[in-house]
Amino acid sequence: MEEKLTEELLDELLSSESAESFVASHELPELTLSDYLQQLLADKGLDQPAVIRMADLNETYGYEIFTGKKRRPGRDKLLQIAFAMALTPRETNRCLELGGVNSLYPKVRRDAIILYCLYHGTSLQKVDEELWRLGERTIRPA
């Protein structure tokens with residue numbers, strides 16, 4: 001059976017009699033941060049050890065995030081992964097939500113800079129340089 005597109009599921013949900021009837025008639029597994037990261041790795045053809053290195057994470061800590069052993073990684077650690085994987089702002093916010101931390105919010109100065117850099121495909125090094133230049137805390141510890 002072919003997996004339905006998000007738009008198709010949304011159409012079904014909106015035309016259902018109730019949210020309860022929709023949920024009862026569909027198998028909707030709960031997505032974990034680990035599941036999402038693994039999906040992104042596969043979709044983007046990325047190598048987990050390379051991403052962990054590019055994210056400038058301790059190897060063990062990075063492995064724990066990707067396998068789900070680290071339950072609540074810090075927001076900046078997830079941002080390091082997002083930049084290493086060249087995630088979009090939407091993918092990054094999904095990662096942050098699944099990690100149990102605040103999404104990026106454009107009304108917050110630091111978040112606005114990070115969102116801009118994500119959108120423009122900036123490297124982790126460059127976003128840290130930009131944050132520092134603009135007087136904001138860098139993503140990686142100094």
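Colleague: Which residue just after α8 takes a positive phi?

Modeller: G121, at about 65°. Keep in mind that this is a predicted model.

Colleague: Fine. Which residues of α8 are buried?

Modeller: R110, D111, I113, I114, L115, C117 and L118. They pack against α6, α7 and α9.

Colleague: What does I114 touch, leaving aside its neighbours within four places in sequence?

Modeller: L79, F83, L104, V127, L131 and I139. I114 also stands out in the largest nonpolar core.

Colleague: How many residues are in that core, and which touch the most other members?

Modeller: The core has 32 residues. I81, M85 and I114 touch the most other members.

Colleague: Which elements give two or more residues to this core?

Modeller: α3 (33-44), α4 (48-54), α5 (59-67), α6 (75-84), α7 (89-98), α8 (109-119) and α9.

Colleague: And which of them gives the most?

Modeller: α6, with six residues.

Colleague: Let's go to α7. Which of its residues are buried?

Modeller: E91, T92, N93, C95 and L96. Those residues pack against α3, α6 and α8.

Colleague: Why does T92 count as buried?

Modeller: Because its relative accessible area is 0%, and the cut-off for buried is under 20%.

Colleague: What is T92 in contact with, leaving aside its neighbours within four places in sequence?

Modeller: L79, A82, L87, L104 and L118. L79 and L104 are also among the contacts of I114.

Colleague: What follows α7?

Modeller: G100, with a positive phi near 80°.

Colleague: Glycines aside, where else is phi positive? Start with A86.

Modeller: Phi of A86 is near 55°. A86 lies in the loop between α6 and α7.

Colleague: Is A86 buried or exposed?

Modeller: Exposed, because its relative accessible area is 57% and the cut-off for exposed is over 50%.

Colleague: What about phi of D56?

Modeller: Phi of D56 is positive too, near 60°. D56 is found in the loop between α4 and α5.

Colleague: How accessible is D56?

Modeller: D56 is partly exposed, with a relative accessible area of 48%. D56 is also one of the residues that R140 touches.

Colleague: Where does R140 lie?

Modeller: In the segment after α9 (124-133).

Colleague: What else does R140 touch, not counting residues up to four places away in sequence?

Modeller: Besides D56, R140 touches Q80, L124, Q125 and D128.

Colleague: What joins the side chains of R140 and D128?

Modeller: A polar contact of 2.9 Å.

Colleague: Why does R140 count as buried?

Modeller: Because its relative accessibility is 18%, and buried means under 20%.

Colleague: Which residues line the second largest pocket?

Modeller: E30, L31, T32, L33, S34, I65, G68, K70, R71, L98 and G99.

Colleague: How does that lining split by class?

Modeller: Four nonpolar, four polar and three charged residues.

Notes
Residues are numbered from 1 along each chain as its sequence is written. This is a predicted model: local features need pLDDT of at least 70, side-chain atom pairs count only at pLDDT 80 or more; totals for chains, interfaces and linings use all residues. Side-chain values use heavy atoms; hydrogens and water are left out. Helices (H or I, at least four residues) and strands (E, at least two) are DSSP runs, numbered from the N terminus. Buried means under 20% relative accessible area, exposed over 50%, partly exposed in between (1.4 Å probe, protein chains only). A polar contact is a pair of N or O atoms within 3.5 Å; within protein, one must be able to donate a hydrogen and the other to accept it, and residues adjacent in sequence count only if both atoms are side-chain atoms. Contact means heavy atoms within 4.5 Å. On a 1 Å grid over the protein atoms alone, a cavity is a set of points where a 1.4 Å probe fits but cannot get out, and a pocket is an open set with protein on both sides within 12 Å along at least five of seven lines; lining residues have an atom within 4 Å of a point. Ala, Val, Leu, Ile, Met, Phe, Trp, Tyr, Cys and Pro count as nonpolar, Asp, Glu, Lys and Arg as charged, and the others, Gly among them, as polar. A nonpolar core is a set of buried Ala, Val, Leu, Ile, Met, Phe, Trp, Tyr and Cys residues joined through side-chain atoms within 4.5 Å.
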